[in-house]
Amino acid sequence: MGFASLTHAEREDFWNLWFSELVKGHVGMTYKVKKILYSGQSRFQRIDVLDTHEYGRMLVLYGSVMFTERDDFVYHEMMAHVSYYSHGGPSSALVIGGGDGLTARELLKHSSIRSVVVVDIDEMVVERCKEFFPESKAALDDPRVKVRFADGAEFVRKTDERFDIVLVDSSDPVPPSDVLFRREFFENCKRCLGPGGILIAQTESPFYNPDVIKEVYASLREIFRIVKPMVAWIPTYPSALWSFAFCSDERHPVEGFDRKAFLADKIATKYYNEEIHAAAFALPAFVRSLL
Ligand code: SPD
């Protein structure tokens, strides 16, 4: 029996196309790919959009998975809702990075949020996300969202705008995002916060990036009075254990959690809930000792 007589599904078994994200050059996270939807190079990085068997469509920048349709909810819900329900009534948010619009998508679930400014350096990332991910398009086209194409570090250094929430939705600490892990950047983020403001920054895998984490938290602790690491489970990020830094001068994420508001709002979430809000700040012993 020849290849020509096989059904489409049978042919797919021969279509042996796999993508591997290499972690530290020694470990790989491997996905079987149905179709390469886009591959290209922007001024800043290589961009791939892949359709995979297990995780649906995924955005890959410089060979690293940024998000997949199947598990993006964990990361983006944690950024948006932990900050929202710790603040007590935010109306404005700044997202640094996040050109995929998915952190904005979560913020827009709250009617009190009147404005979301998304600052991404790479216009091509925004264009490809709008082209291949309907939820990105819906969020980025929302009238409450303004997208600015700029270097996030420059933006927070120069802007006079103030925000209730600043979310650092960066890629990994490699160019062009390496500047988003530096002390000067976090100092400028603090300058952009209004009274009672909250910053949440993604801070990589405690398992694979302990050195980055140590350095980032040392800087943050010199800048903010309250710095609380939180963790979440993200299957497609290396080690699946991902960390975020909650920072504020006034708000404590657990003591200040507005549980009543969360229960009353009934926003649709798939990971975040009133128990996860507090549980995210419970750290495995090896993470606690890092920090
Ligand atoms: N190793 C992947 C880390 C990516 C963190 N940010 C992703 C941005 C998705 N909005």
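Glu 131 and Arg 128 both belong to helix α4 (residues 123-132), where three residues, about one turn of the helix, separate them. Helices (H or I, at least four residues) and strands (E, at least two) are DSSP runs, numbered from the N terminus. Glu 131 and Arg 128 form a salt bridge, with 2.9 Å between the closest N and O atoms. A salt bridge is defined as a side-chain nitrogen of Lys or Arg within 4 Å of a carboxyl oxygen of Asp or Glu. Over the whole structure, the search finds 17 salt bridges.

The model is predicted: local features need pLDDT of at least 70 and side-chain atom pairs count only at pLDDT 80 or more, whereas totals for chains, interfaces and linings use all residues. Residues are numbered from 1 along each chain as its sequence is written, and side-chain values use heavy atoms, with hydrogens and water left out.

## Domains and their interface

The domain assignment divides the chain into domain 1 (3-68) and domain 2 (72-290); such bounds come from an automatic or database assignment. The C-alpha centres of domain 1 and domain 2 are 27 Å apart. Domain 1 contributes 25 residues to the contact and domain 2 contributes 22 residues, where contact means heavy atoms within 4.5 Å.

Between them, the two domains bury about 2200 Å², of which 69% is on carbon and sulfur atoms. Buried area is the accessible area (1.4 Å probe) that two parts lose on being put together, summed over both. On the side of domain 1, Phe 44, Tyr 62 and Phe 67 lose the most area to domain 2, together 27% of what that side buries.

## Composition of the interface

Zero salt bridges are counted between domain 1 and domain 2, but eight residue pairs are in polar contact across the interface (both at pLDDT 80 or more). A polar contact is a pair of N or O atoms within 3.5 Å; within protein, one must be able to donate a hydrogen and the other to accept it, and residues adjacent in sequence count only if both atoms are side-chain atoms.

The elements giving two or more residues to the side of domain 1 that touches domain 2 are β1 (18-23), β2 (27-41), β3 (46-52), β4 (56-61) and β5 (64-68). Strand β2 gives the most to this side, with six residues.

## Ligand surroundings

The residues around the ligand include Ser 64, Met 66, Tyr 75, Asp 100, Ser 170 and Trp 242, each with a heavy atom within 4 Å of the molecule. For Ser 170, a polar backbone atom is 2.7 Å from a ligand nitrogen atom.

## Backbone geometry

Most residues other than glycine have a negative phi, and most peptide bonds are trans. Tyr 62, although not a glycine, has a positive phi of about 40°; Tyr 62 is placed in the loop between β4 and β5. A cis peptide bond, with omega about 5°, joins Pro 175 and Pro 176. Pro 176 is in the loop between β9 (163-169) and α7 (183-191).
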